[in-house]
Amino acid sequence: MNPTNILRALAALLVVAACSAAMARKAHVHVREGYREPLNLFVAVALGPGNRKSAVFDDVTRPLVEHEHEVAVHIEDEIARSTRRCMS
């Protein structure tokens, strides 16, 4: 597999993992009556040094990190109240 294909495969794998993270707690698979599983996906990347893993990971996860930051800013007062309540 040439380096370009490796980057595409890595990006595709990480995009699927990022989508899984975004969907966590929002969707479940109903296996049978009374039993359901969350749609979580756990991914491990095993590539040697110099394959741009970090750069691809940063590019793929940037929208999730930005969204988490926006949500945290939006609810920072609630977070502060909860933290104070837990500390007392």
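R52 sits in the loop between β2 and α2, where helices (H or I, at least four residues) and strands (E, at least two) are DSSP runs, numbered from the N terminus. Before I go on, please keep in mind that this is a predicted model, in which local features need pLDDT of at least 70, side-chain atom pairs count only at pLDDT 80 or more, and totals for chains, interfaces and linings use all residues. Residues are numbered from 1 along each chain as its sequence is written, and side-chain values use heavy atoms, with hydrogens and water left out.

Coming back to R52, this residue has a positive phi of about 65° although it is not a glycine, and its relative accessibility of 49% makes it partly exposed, a class that lies between buried, under 20% relative accessible area, and exposed, over 50%, with a 1.4 Å probe and protein chains only. The loop between β2 (35-38) and α2 (53-74) also holds L47, which is partly exposed at a relative accessible area of 30%.

Finally, the largest pocket. Its lining is made up of A21, A22, K26, L64, V65, H67 and E68, and by class it has four nonpolar, one polar and two charged residues. Both α1 (3-23) and α2 supply at least two residues of that lining, with α2 giving the most, namely four.

Definitions and conventions
1 Å grid on protein atoms, 1.4 Å probe; cavity = no way out; pocket = protein on both sides within 12 Å on 5 of 7 lines; lining within 4 Å. Nonpolar A, V, L, I, M, F, W, Y, C, P; charged D, E, K, R; others polar.
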